[in-house]
Amino acid sequence: MIKDAEVQLLAALAEGLRDEYQTPEDLSWSQSPFGWIKWQPSRRKGAIGERLVAGWCAARDINVLRSPDPEADRILEGFRTEIKFSTLWANQSYKFQQIRDQDYELLVCLGVSPFTAHAWVFEKKFLISNTGSLAGLSHQHGGAEGRDTAWLSVSPTEVHPWMNEHGGGLRTAMRRLRTLVGLGP
């Protein structure tokens, strides 16, 4: 509670201006269980995404270890795994950024919307070899130096057909992950 009268006045003025500056996106996230994540700095969002995936996997009886080096985020059932996280952007798509050809075997992409979540699980070799040739999977930066980093852009309501076998809903993604790590669906 604000006690200082001047701060109370300023807060009342700010409250009056809020509607002019709040976007529909802000309002949709305000009641979301994921809303607090939306406004975190990018690096912190990535760390939160890693922890969400690690917790989700552990809850589904997948052995999870921290990676001993920065080339992967976690070790899932012995598979070096990179994790990419995105909240839904204003254009209603997820952007999984900074996909690099590092020392990992699997890539888990987790996206959260205000009231739902999506995930895709890829083998790194598939993504790296197809960057630039599949819809939504492109080099992140232009020029000769930009070939080492890719990003994946996908609208959860219009998923690229090639992505369907890699996940979508959380249950589908978990079945794929369990199959890839040898636990069966």
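Trainee: Why is strand β5 largely enclosed by the rest of the structure?
Mentor: Seven of the seven residues of β5 (residues 106-112) are buried, so the strand is largely enclosed by the rest of the structure; buried means under 20% relative accessible area with a 1.4 Å probe, protein chains only, and strands are DSSP runs of E, at least two residues, numbered from the N terminus. This is a predicted model, in which local features need pLDDT of at least 70 and side-chain atom pairs count only at pLDDT 80 or more, while totals for chains, interfaces and linings use all residues. Residues are numbered from 1 along each chain as its sequence is written, and side-chain values use heavy atoms, with hydrogens and water left out.

Trainee: Which residues are on each side of β5?
Mentor: Leu106, Val108, Leu110 and Val112 lie on one side, with Leu107, Cys109 and Gly111 on the other, and all are buried. In a regular strand the side chains alternate between the two faces of the sheet.

Trainee: Ok, and which way do β3 and β5 run, parallel or antiparallel?
Mentor: They run parallel and are joined by seven bridges, where pairing requires that DSSP finds at least two bridges between two strands. Thr87 has Val112 in β5 as its bridge partner.

Trainee: What about β5 and β6, how many bridges there?
Mentor: β5 pairs with β6 (residues 117-123) in the antiparallel sense over seven bridges, and the two form a hairpin with four residues between them. The bridge partner of Gly111 in β6 is His118.

Trainee: New topic: in what order do the strands of the open sheet come?
Mentor: The order is β4-β8-β7, with antiparallel pairing, and the edge strands, each pairing on one side only, are β4 (94-100) and β7 (137-139).

Terms used:
Buried < 20%, exposed > 50% of the residue type's maximum accessible area, 1.4 Å probe, protein only.
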